[in-house]
Amino acid sequence: MGEHVIKLPDVGEGVAEAELVEWHVKVGDLVREDTLLAAVMTDKATVEIPSPVDGEITWLGAEIGDVVAVGSALIRLKVEGEGSAPAPDEPAAAEPPAAAPTKAEARPPAGKAAPEPTKAAAKPAATPARAAPAAPARQASFGAPRPEGDKPLASPAIRLRAREAGIDLRQVRGTGPAGRIGHEDLDAFIARGPQAARAAGLQENHAVEDIKVIGLRRRIAEKMALSKSRIPHITYVEEVDVSALEDLRAALNKGKRADQAKLTILPFLMRAMVKAIADQPGLNALFDDDAGIIHQHGGIHIGIAAQTPSGLVVPVVKHAEARDLWDCAAEVNRLADAAKAGTATRDELTGSTITITSLGALGGVVTTPVINYPEVAIIGVNKMMVRPVWDGASFIPRKMMNLSSSFDHRVVDGWDAAVFIQRIKTLLETPAMIFVEG
């Protein structure tokens with residue numbers, strides 16, 4: 001029997017390390033070649049690691065949330081034959097250290113049998129560790145309610161009295177053996193007044209659950225913190241009358257071909273942005289604030305912030321300037337499906353030059369979007385709703401929608417931000433202009 005060591009592979013594109021986000025095996029598991037062992041996450045893409053050999057898992061070299069360097073030992077297996085483990089006299093330096101110091105210390109010396117991993121390291125942390133449950137309420141304070149399911153000890157006579165008085169016995173502290181409730185306990189509870197009785201059925205919850213921030217949620221947290229710490233945001237809100245646009249959208253959807261995607265408001269907004277950016281190309285840019293350079297792009301690559309079961313991701317519709325309305329709709333749908341299925345590639349999740357964020361029907365009235373660093377603008381779509389609008393003679397119902405948009409105030413002045421949004425507003429309120437060339 002020998003030992004085979006699986007190291008974190010090169011996941012491409014110059015990535016030097018990755019975060020372990022999921023174990024699919026545990027120590028003692030027997031695996032076959034191609035069995036899925038683990039998943040790691042780079043900037044945004046998740047990479048799955050299969051087993052190259054048959055064997056038994058004997059050691060797992062990281063915990064969920066650890067950042068591991070490419071080339072570091074990740075898994076050891078007991079295999080038939082000699083295996084791939086280094087010889088006892090092979091220098092330990094041949095194995096690159098993991099990025100996390102704690103993992104390097106935990107890794108066994110080269111040539112020695114791997115120590116039995118601790119339970120925490122060996123068992124995949126499928127769910128975050130929970131804090132110890134709070135002590136039973138009846139031990140915390142007099143009269144505090146017992147948890148749901150905790151049946152107090154009491155005689156039938158006590159239970160009858162409590163029921164007739166509308167008292168939940170879980171509210172009453174028993175002073176008898178094992179907390180048994182006696183008549184004197186019930187009398188004392190009643191003597192405290194109606195406040196206790198009104199609290200029946202309610203209980204304080206002192207539980208605290210510690211949830212480790214890992215994977216996509218950690219990426220989102222880091223990206224949002226970076227954006228808000230580096231970019232002085234300015235947010236501009238304008239309402240848009242989309243009544244005509246909605247009529248046009250309904251008509252186009254009614255007559256669409258079977259192979260065409262259903263139009264939402266996003267493709268119209270994307271086409272309006274393309275025309276507005278033609279007038280203000282400075283909005284389609286990335287700001288390298290370390291170098292003091294604004295990279296103004298000719299190609300318009302629109303990120304579409306999308307909520308997935310794993311969290312927020314931003315698939316990118318590349319070259320929106322070269323796509324018509326239907327093509328934009330089809331690409332948005334394709335990327336949204338890939339993002340939700342977790343199959344979007346790294347290329348599909350990077351490279352945006354400006355971003356749209358929308359919460360759909362939950363979009364609220366106003367939002368304060370966080371710029372997708374290092375871009376300089378983000379367009380936020382709020383919920384469309386029918387509102388009364390004064391036409392000079394009377395109030396009429398119109399379909400209204402707000403655009404809440406943020407800009408990097410270091411490179412975009414408030415005036416330019418307003419001009420940009422007003423141009424989009426004009427295009428959306430007169431949708432025929434979206435299709436006019438020039």
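**Strand pairing and an annotated helical region**

Val-40 has Val-47, a residue of β5, as its bridge partner. This pair belongs to a predicted model. The two strands involved are β4 and β5, the latter covering residues 46-50. They run antiparallel and are joined by five bridges.

Strand β4 spans residues 36-41. Most of this strand is covered, with five of its six residues buried. A residue counts as buried when its relative accessible area is under 20%. Strand β4 also pairs with β2, which holds residues 17-23. Here four bridges connect the strands, again in the antiparallel sense. Within this pairing, Glu-22 has Ala-39 of β4 as its bridge partner.

An open sheet is built from four strands. Their order is β1-β8-β6-β3, and the pairing is antiparallel. Strands β1 (2-7) and β3 (30-31) each have a single partner strand and stand at the edges, so one side of each lacks a neighbour in the sheet. In a regular strand, side chains alternate between the two faces of the sheet.

The partner of β3 is strand β6, residues 55-60. Two bridges join this antiparallel pair. Leu-30 stands opposite Glu-56 of β6.

Over residues 153-190, the chain is 47% helix and 0% strand. The end C-alpha atoms of this stretch lie 18 Å apart.

Definitions and conventions:
Residues are numbered from 1 along each chain as its sequence is written. This is a predicted model: local features need pLDDT of at least 70, side-chain atom pairs count only at pLDDT 80 or more; totals for chains, interfaces and linings use all residues. Side-chain values use heavy atoms; hydrogens and water are left out. Two strands pair if DSSP finds at least two bridges between them. Buried means under 20% relative accessible area, exposed over 50%, partly exposed in between (1.4 Å probe, protein chains only).
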